[in-house]
Amino acid sequence: MTDSNKSSHGEWSSRMAFILAATGSAVGLGNIWKFPYITGENGGGAFVIVYLMCVLLIGIPIMIAETMIGRRGKRNPIGTMALLAKESDADPNWHYLGWLGVVAGFLILSYYSVIAGWGLSYILNVFTGSFSGAGGEKVQTIFNDFMASPLQQLFWHTVFMVVTMSVVARGVTEGLERAVQWLMPALFFLLLLLVAYAMSTNSYFKGLNFLFNTDFSKITGQSVLTAMGHAFFTLSLGMGAIMVYGAYLPKDISIARTTVIVAGADTLVALLAGMAIFPIVFENNLQPGSGPGLIFQTLPIAFGNMTGGWFFGILFFVLLVFAALSSSISLIEPAVAWLVETRNMTRQRACVWAGAVTWLLGLGTIFSFNIWSEFKIFDRTVFELLDYLTANLMLPIGGFCIAIFAGWVMKQEHCKKELHLTNPHYFEVWRFLVCYVSPAAVFLVFLNVVGVI
Ligand code: TRP
């Protein structure tokens with residue numbers, strides 16, 4: 001094993017590099033693809049409020065905890081949990097938390113890559129002019145035809161997996177850092193442009209109203225669980241991704257401050273995506289609750305009808321794919337780091353294995369949109385089941401355990417030393433949140449969903 005002061009995979013070259021990489025991991029399909037459609041399915045504004053509260057009260061404290069654990073352990077999540085459990089004289093079984101994360105990463109990436117593949121295919125669609133002047137109906141037909149074709153989706157899923165694994169194979173500073181440096185600002189700019197387009201439609205305020213009006217009668221236990229699960233998903237929490245990124249973080253950087261910046265940027269991107277998409281939905285008489293296809297059925301209308309839409313459309317889908325890429329590398333990094341450290345594999349070989357398994361799992365998602373669309377387990381297609389299992393169950397459970405570990409198991413002097421907060425009150429606030437508020441919130445939501453309260 002490596003010496004305990006530095007990770008064997010290298011380190012981020014600066015604070016900015018970590019912020020970019022963590023933001024790269026956080027900002028992805030979750031913000032632009034998933035947030036709008038689950039907001040649509042769960043009735044709008046009230047759901048958004050619940051989600052924002054979850055980010056604040058559960059997401060940020062746990063993100064601080066997870067980064068801190070990672071930096072102290074400096075290993076893959078399984079190794080880190082084993083090491084810190086030993087250091088804290090705790091049960092060695094805590095290392096299973098690392099396992100939960102590695103498995104969750106595989107499962108999430110398997111469907112994430114399929115959706116990123118949709119994005120790739122849409123670059124080509126815009127390029128060939130399929131959407132120029134198109135209305136809602138035409139755009140919907142194109143989407144439905146694409147969903148009906150397993151082969152096309154398989155092709156793009158394969159392309160995306162190959163690209164992801166070749167970036168990961170190049171290692172931390174070479175591969176991961178470079179990929180995100182210019183991407184985030186460009187994506188942000190394009191979203192602003194789309195919001196500007198949305199403002200020019202007659203339905204802008206209707207869209208805004210949907211996004212921000214708070215009608216709590218639409219909120220159910222399930223939608224609170226979805227909002228909480230999404231807070232974990234969008235911040236990349238609960239499965240060791242941020243833990244590994246924390247492991248590559250130099251000692252002198254303030255974890256709390258960087259975390260707040262990352263969470264803030266992530267939330268902003270999601271809200272901008274919502275502000276761009278819902279006005280287009282209402283302007284074209286589409287349904288906000290139309291599911292995973294939502295952005296693929298709305299944004300092309302904007303690109304098909306705005307000035308410069310061809311150019312901006314291509315750019316947007318290229319950036320979407322890059323945002324997905326900078327997230328997917330963090331989904332697979334824990335597994336790769338584990339294979340390298342404990343199976344004695346080269347990084348390249350580990351990437352081939354991890355990539356192949358994920359690719360294969362991805363077939364389940366592709367088929368759930370066509371040949372297996374009637375095949376349901378617990379009333380869900382394979383894609384829906386994977387999504388529910390990971391985002392709504394595994395990530396909150398992982399996050400809950402991380403909070404308990406940081407709050408109750410680790411020695412407080414160790415936490416203090418890692419966080420080195422200048423203001424001692426901040427430490428108390430954080431401790432209160434991870435000891436009581438975040439775990440209790442997760443627990444109550446679960447109790448509610450299983451019908452106990
Ligand atoms: N946060 C990313 C998104 O919103 C997805 C993601 C990347 C993720 N790494 C993760 C989700 C780790 C959960 C855990 O698109």
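Which residues in α13 meet which residues in α14? Before we answer, a word on the model: it is predicted, so local features need pLDDT of at least 70 and side-chain atom pairs count only at pLDDT 80 or more, while totals for chains, interfaces and linings use all residues. Residues are numbered from 1 along each chain as its sequence is written, and side-chain values use heavy atoms, leaving out hydrogens and water.

Now to the helices (DSSP runs of H or I, at least four residues, numbered from the N terminus). On the α13 side, Ile-277, Phe-278, Ile-280 and Val-281 meet Leu-294, Ile-295, Thr-298, Leu-299, Ile-301 and Ala-302 of α14. By residue type, this contact divides into nine nonpolar, one polar and no charged. The axes of α13 (residues 255-283) and α14 (residues 294-305) come within 9 Å and cross at roughly 80°, which makes α13 roughly perpendicular to α14 (a term for angles of 65 to 115 degrees).

Stay with helix α13 for a moment, as Thr-259 is found there too. Thr-259 is buried, with a relative accessible area of 3% (buried means under 20%, with a 1.4 Å probe and protein chains only). Setting aside residues up to four places away in sequence, Thr-259 touches Ile-60, Met-63, Ile-64 and Thr-67, where contact means heavy atoms within 4.5 Å.

Of its 167 residues, Trp-33, Ile-69, Phe-316 and Trp-430 touch the most other members. Helix α15 (residues 309-342) gives this core its largest share, 18 residues.

Technical notes:
Core = buried A, V, L, I, M, F, W, Y, C linked by side-chain atoms within 4.5 Å. Buried < 20%, exposed > 50% of the residue type's maximum accessible area, 1.4 Å probe, protein only. Helix = DSSP H or I, 4+ residues; strand = E, 2+ residues; numbered from the N terminus. Axes fitted to C-alpha atoms, helices over the stretch in contact; angles between N-to-C directions. Parallel < 35°, antiparallel > 145°, perpendicular 65-115°, else oblique. Nonpolar A, V, L, I, M, F, W, Y, C, P; charged D, E, K, R; others polar.
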